[in-house]
Amino acid sequence: MSILVWIEQASNGPVASSFEVVGKARELAGALSTQVVAAVAGDDTAATAEVARTYGADVVMTLTSPVLAGFRLSAYAHALKQAINEAGATVVLMAATVRGRELAATLACDLGAGYAPDVVDLRVESGKLVAVRSVYSNNILTDVTFNSDIQVASVRPRSFPMPEAGSAGGEVRAIDLAISEDDVKEKLVEVKSTDAGEISLTDAAKIVSGGRGVAQDPAKGFALVSELAATIGAAVGASRAAVDAGYIPYKHQVGQTGKTVKPDLYIAAGISGAIQHLAGMGGSKVIVAINKDGDAPIFDRANYGVVGDLYEVLPALTEEFKKRLG
Ligand SMILES: Cc1cc2nc3c(=O)[nH]c(=O)nc-3n(C[C@H](O)[C@H](O)[C@H](O)COP(=O)(O)OP(=O)(O)OC[C@H]3O[C@@H](n4cnc5c(N)ncnc54)[C@H](O)[C@@H]3O)c2cc1C
């Protein structure tokens with residue numbers, strides 16, 4: 001018996017939210033008196049395994065094969081099933097990233113296991129996992145329990161704090177992976193990245209978002225949003241109205257039909273605060289709203305509000321941050 005956590009690798013290294021899941025798994029492992037096994041898969045796993053072992057996993061399994069170069073769902077599902085089997089895992093967790101969500105669903109399906117997607121909390125009751133899901137635009141929290149022996153959940157990024165990396169670490173164990181191209185159903189033809197160097201929205205600790213309030217001069221408005229974001233090390237977000245109007249690509253959309261984010265700081269500029277937008281960012285620790293309408297609903301949810309024109313407030317904020325941050 002063990003808890004297995006998939007450590008996702010991106011082109012620039014391990015995905016940080018995987019380690020948030022390891023931190024929570026460590027806590028659950030105490031309640032279940034079991035081990036945490038972190039599984040790293042890819043054509044090159046050594047560097048990520050070294051990082052993973054410092055975050056509290058008892059064992060880091062490496063699943064290394066040229067077949068795992070680039071993410072292909074059936075290849076990763078094949079490899080992870082072997083890891084789950086070797087680890088005797090009864091709980092399988094991963095970050096609910098785009099890949100994590102589909103991999104977890106595929107594994108659950110193949111293993112005949114119950115699956116709780118995009119959970120915001122996890123606990124143990126009577127020796128079984130209870131997964132907490134947020135539904136109806138974050139208005140209701142539901143507890144999900146499992147009837148299956150294996151319990152699979154994907155965890156919404158930033159639901160748990162990042163654990164401290166320690167110097168001592170778990171054992172790294174290379175698995176003799178039985179996989180060939182014949183086991184894989186997809187062919188990766190080309191990878192085109194549109195976000196080289198950008199901070200990922202779902203992992204971001206700080207986000208500056210723009211809305212339809214930039215309509216007067218959208219290019220300038222989002223340049224001001226981006227400049228403030230770059231100054232404070234934040235990701236750039238947007239409302240659906242801004243995306244639908246073509247001011248910024250969909251990958252920046254926050255909300256019910258965009259990304260769900262949970263940063264420490266969310267600055268909303270020219271966003272009214274519609275329920276569907278709040279559904280994606282209402283869990284932010286500190287919300288700052290900039291809006292020229294003092295009655296905009298976003299002010300009901302904001303910790304700090306500035307009633308003013310974003311074309312004046314954003315550059316003033318950027319200048320002040322630049323001074324203070326040197
Ligand atoms: C099924 C469904 C799903 C949806 N999913 C999403 C989603 O995922 N994400 C999302 O965001 N929305 C979503 N929406 C749309 C949502 O209902 C709103 O229409 C949208 O969030 C509005 O975006 P906005 O706040 O930018 O625009 P508006 O509501 O038009 O607000 C613009 C704000 O900017 C302010 N403003 C104008 N000029 C300035 C200025 N110069 N300086 C400062 N403030 C200014 C105005 O006072 C206003 O409050 C969804 C809707 C539906 C029906």
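Visitor: What share of the 326 residues in the protein is buried?
Guide: Buried residues make up 46% of them. Keep in mind that this is a predicted model.

Visitor: Okay, and how does the radius of gyration fit with a compact globule?
Guide: It agrees: a compact globule with 326 residues would have a radius of gyration near 20 Å, and the protein has 21 Å. Along the principal axes, the C-alpha atoms fill a box of roughly 60 × 45 × 40 Å.

Visitor: How many helices and strands does the protein have?
Guide: There are 9 helices and 16 strands.

Visitor: Which sense does the pairing of S1 and S4 have, parallel or antiparallel?
Guide: Parallel, over 6 bridges, with S1 spanning residues 2-7. To find one of these bridges, look at isoleucine 3, whose partner in S4 is valine 36.

Visitor: And how many bridges join S4 to S5?
Guide: Here you'll find 6 bridges, and the two strands run parallel, S5 being residues 59-64. For example, valine 37 has valine 59 in S5 as its bridge partner.

Visitor: What do S4, helix H2 and S5 make?
Guide: They make a right-handed β-α-β unit, with H2 taking up residues 46-52.

Visitor: New topic: the ligand. How many residues surround it, and which are the closest?
Guide: The ligand has 27 residues around it, and the closest are Gly211, Gly213, Arg240, Ala241 and Gly255.

Visitor: Which elements give two or more residues to that shell?
Guide: Those are helix H6 (240-244), helix H7 (275-281), strand S15 (286-291) and helix H9 (310-325).

Visitor: How do the shell residues divide into nonpolar, polar and charged?
Guide: The shell around the ligand has 8 nonpolar, 14 polar and 5 charged residues.

Visitor: Why does alanine 16 count as partly exposed?
Guide: Because alanine 16 has 17 C-beta neighbours inside 10 Å, while a buried residue needs 20 or more and an exposed one has 12 or fewer.

Visitor: What does alanine 16 touch?
Guide: Leaving out residues up to four places away in sequence, alanine 16 touches Met162 and Asp203. Also, alanine 16 and alanine 204 are 188 residues apart in sequence, with 10.0 Å between their C-alpha atoms.

Technical notes. Residues numbered from 1 in each chain as written. Predicted model: local features only at pLDDT ≥ 70, side-chain atom pairs only at ≥ 80, totals over all residues. Pairing = 2+ DSSP bridges. Helix = DSSP H or I, 4+ residues; strand = E, 2+ residues; numbered from the N terminus. Right-handed = clockwise from strand over helix to strand, strands pointing away. Near = placed C-beta within 6 Å. Nonpolar A, V, L, I, M, F, W, Y, C, P; charged D, E, K, R; others polar. Rg over C-alpha atoms; globule rule 2.2 N^0.38 Å. Contact = placed C-beta atoms within 7 Å.
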